Amino acid sequence: MDARLSHGGVHLVQGTLAPHESGLIGSPRLTIVVHNDKPFDMEWRLPGSDRLQSARIEYGAVHIDPGDNPFFQRWIVCPNIVGIALDRKLVDRVGHETFGRDGASLRPGVAVTDNFLADAAKMLSLELREQSAGGKLFAEHFGILIAVHMFRHYSDGAWHPAPARGGLGTQRLRLVIDYIEANLGDDLSIAMLARIADRSLHHFSEAFRQSTGTPPHRYIIIRRIERAKILLLSTDLPIAQIALAVGFASQSHFGATFRAMTGVTPLRFRLDRL
């Protein structure tokens with residue numbers, strides 16, 4: 001595989017699969033694979049079925065494995081794919097909080113046409129290639145949206161809940177913001193912020209955006225850059241150390257994000273103002 005990213009129970013991968021000429025394939029996670037290459041022929045037998053099916057798999061076709069139930073699949077080429085895997089703990093949390101059911105209610109599918117999942121794969125593929133700052137939180141955000149989509153469209157007896165209305169409220173918003181400010185240098189998680197706000201994963205991101213005008217993963221990046229500005233001007237810490245102190249994985253990620261948001265490099269920002 002060429003690129004990988006994991007955060008908050010969401011795992012992304014892009015690369016080429018080896019030929020698989022016989023046997024069962026499965027995973028303990030909910031796995032979504034989007035074909036990202038020229039057409040190829042595939043055979044499969046869904047769980048609990050004796051019927052062998054086959055199809056020409058076209059670009060953008062989606063394969064869904066809810067997890068914990070391997071089934072027969074066969075192909076003889078090396079297709080390029082984007083894979084999205086969600087830990088069962090995350091899937092079950094979204095299912096219980098919003099739909100009153102867990103991941104066991106999800107159905108498998110092969111060569112499915114699903115524009116939402118295909119478009120999500122394109123966005124996540126771009127994130128994998130760029131490895132930009134905030135990518136982990138972005139992936140977690142999209143993973144939650146994908147889990148909601150799966151329960152809405154691939155769950156037995158799917159229920160469509162009413163959309164959440166209103167923001168978090170002053171007290172809950174203050175708790176979340178205080179936690180972010182106290183932990184900017186750590187590996188923040190949307191799941192943890194939702195727990196602090198006592199809101200479901202499905203409702204939290206939208207409620208936070210309504211309250212602040214910014215989705216949580218973007219808000220965290222903004223606050224990290226603002227904290228970095230203070231450290232650049234009030235301390236003589238090396239830039240690499242400041243990058244780590246405000247939660248960036250590397251100085252290069254920090255520098256690229258800082259320049260994109262301010263128009264100057266961290267060093268130029270420090271020198272100009274001192």
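The following paragraphs go through the predicted model from the whole chain down to single residues.

Because the model is predicted, local features need pLDDT of at least 70 and side-chain atom pairs count only at pLDDT 80 or more, whereas totals for chains, interfaces and linings use all residues. Residues are numbered from 1 along each chain as its sequence is written, and side-chain values use heavy atoms, with hydrogens and water left out.

The chain has 274 residues, and 47% of them are buried. Buried here means under 20% relative accessible area, exposed means over 50%, and partly exposed lies in between, with a 1.4 Å probe and protein chains only. Along the principal axes, the C-alpha atoms fill a box of roughly 70 × 40 × 25 Å. The secondary structure comes to ten helices and ten strands; these are DSSP runs numbered from the N terminus, with helices being H or I of at least four residues and strands being E of at least two. A contact means heavy atoms within 4.5 Å. Of the contacts with a separation of 6 or more, 73% are between residues 24 or more positions apart.

The strands come next. Strands of a sheet pair through backbone hydrogen bonds, either parallel or antiparallel. In this account two strands pair if DSSP finds at least two bridges between them. An open sheet of four strands runs in the order β3-β8-β5-β6, with antiparallel pairing. Its edge strands are β3 (24-25) and β6 (53-57), each of which pairs on one side only. β3 is joined to strand β8 (residues 71-74) by two bridges, and the two run antiparallel. Leu24 stands opposite Phe72 in β8. Phe72 also has a charged neighbour: Arg45 lies over the face of its ring, at 5.1 Å from the ring centre. The rule for a charge over a ring is that NZ of Lys or CZ of Arg is within 6 Å of the ring centre and within 35 degrees of the ring normal.

Strand β4 (residues 30-35) is largely enclosed by the rest of the structure, because six of its six residues are buried. Leu30, Ile32 and Val34 point one way from β4, and Thr31, Val33 and His35 point the other way. β4 pairs with strand β9 (residues 80-86) in the antiparallel sense over six bridges, and Val34 stands opposite Val82 in β9. β4 also pairs with strand β7 (residues 62-65), again antiparallel, over four bridges. There the bridge partner of Val33 is His63 in β7.

Among the helices, α2 (residues 115-130) contains Ala120. Ala120 counts as buried because its relative accessibility is 1%. Leaving aside residues up to four places away in sequence, Ala120 touches Phe142 and Ile146. A loop residue gives a second case: Ser105 lies between α1 (88-99) and β10 (109-112). Ser105 has 12% relative accessibility and so counts as buried. With the same exclusion of residues up to four places away, Ser105 touches Phe151, Tyr154, Ser155 and Asp156. The side chain of Ser105 makes a polar contact with the side chain of Ser155, at 2.8 Å. A polar contact is a pair of N or O atoms within 3.5 Å; within protein, one must be able to donate a hydrogen and the other to accept it, and residues adjacent in sequence count only if both atoms are side-chain atoms.

Helix α6 (residues 201-212) has twelve residues and reaches 17 Å from its first C-alpha to its last, close to the 16 Å expected at 1.5 Å a residue. That expected span is 1.5 Å times one less than the number of residues. Leu201, His202, Phe204, Ser205, Ala207 and Phe208 are buried in α6. Gly213 follows the helix, with a positive phi near 85°.

Rings of Phe, Tyr and Trp (its six-membered ring) pair if their centres lie within 6.5 Å; planes under 30 degrees apart count as stacked, over 60 as edge-to-face and the rest as tilted. By this rule there are six aromatic pairs. One of them is the tilted pair of Phe204 and Phe208, 5.8 Å centre to centre with 45° between the planes. Phe204 and Phe208 are separated by about one helical turn because they are four residues apart in helix α6. Phe248 and Phe254 also form a tilted pair, at 5.3 Å centre to centre and 55° between the planes. Both Phe248 and Phe254 are buried. Ring pairs link Phe248, Phe254, Phe258 and Phe269 into a cluster.
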